[in-house]
Amino acid sequence: MADSPAPADQPACEGSAEDTLLPAELRAWMQLLAAAGAIEQRLRSQVKESLGVSHDEFLVLCLLADQPGAALRMSRIAESLGRPKTRLTYQIACLQHADLVTRRSVCGDKRGIEVALTDKGRRLLREVSPALAETVTEAVHGMIDDRQCESLRGLLPEASVAGSDTAV
């Protein structure tokens, strides 16, 4: 009786042949979402405390900081972050009120609005980025084990091909 298989309504033991319900890419995507969610939770309070902005507003600042010209059209920001334009308008207004961004019309386009970091916004990001990066690093190390790291490499075929020294 001890050798009888587990009933069909009970989950299989981890590592068994039945552990392949999800394709590797979907499993890696779900692990990435879970890790990103956990990192976001850890960053929320730290971002609010150190910058005085919401996490979504912080994402706008990071997007602007990562641009060669440090300015983007609002439509491009909304597209990049997957945010509705109306929500983004509110966030940009909050950032502008805090003197972290400027907003101006795009020359030759009545409806186009371009957003750029202010000197204050750059300075603040420069000051708090190392501590926020450390928070991300700690969260990643706490969330992702070696098996999950291998799964995530499945989402980045170039990283897998480049060699095993490539860190995810």
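Two strands are said to pair if DSSP finds at least two bridges between them. In this predicted model, strands E2 and E3 meet that condition with six bridges and pair in the antiparallel sense. The protein as a whole contains seven helices and three strands, and its 168 residues include 28% that count as buried.

**Overall architecture**

- Along the sequence, the elements of the protein follow the pattern α-α-β-α-α-β-β-α-α-α.

- The three strands form an open sheet in the order E1-E3-E2, with antiparallel pairing.
- Strand E1 (71-73) and strand E2 (101-106) are the edge strands, each of which pairs on one side only.
- On average, neighbouring strands of this sheet are turned by 30° against each other, direction ignored.
- In a regular strand, side chains alternate between the two faces of the sheet.

**Strand pairings**

- E1 and strand E3 (residues 109-117) run antiparallel and are joined by three bridges.
- Within this pairing, Leu 72 has Val 115 in E3 as its bridge partner.

**Helices H3 and H4**

- Helix H4 (residues 85-97) lies across E2 and E3, and its direction makes an angle of about 125° with E2.
- The axis of helix H3 (residues 74-81) comes within 10 Å of the axis of H4, and the two cross at roughly 110°.
- Angles of 65 to 115 degrees count as roughly perpendicular, and H3 and H4 are therefore roughly perpendicular to each other.
- The crossing in which H3 passes H4 is right-handed.
- On the H3 side, the contact is made by Met 74, Ser 75, Ile 77 and Ala 78; on the H4 side, Lys 85, Leu 88, Thr 89 and Ile 92 take part.

**Points to locate in the structure**

- Which residue of E3 is the bridge partner of Leu 72? The partner is Val 115.
- Which strands does H4 lie across? H4 lies across E2 and E3.

Notes. Residues numbered from 1 in each chain as written. Predicted model: local features only at pLDDT ≥ 70, side-chain atom pairs only at ≥ 80, totals over all residues. Heavy atoms only, no water. Helix = DSSP H or I, 4+ residues; strand = E, 2+ residues; numbered from the N terminus. Buried < 20%, exposed > 50% of the residue type's maximum accessible area, 1.4 Å probe, protein only. Axes fitted to C-alpha atoms, helices over the stretch in contact; angles between N-to-C directions. Contact = heavy atoms within 4.5 Å. Parallel < 35°, antiparallel > 145°, perpendicular 65-115°, else oblique. Left-handed = near helix turned anticlockwise from the far one by under 90°.
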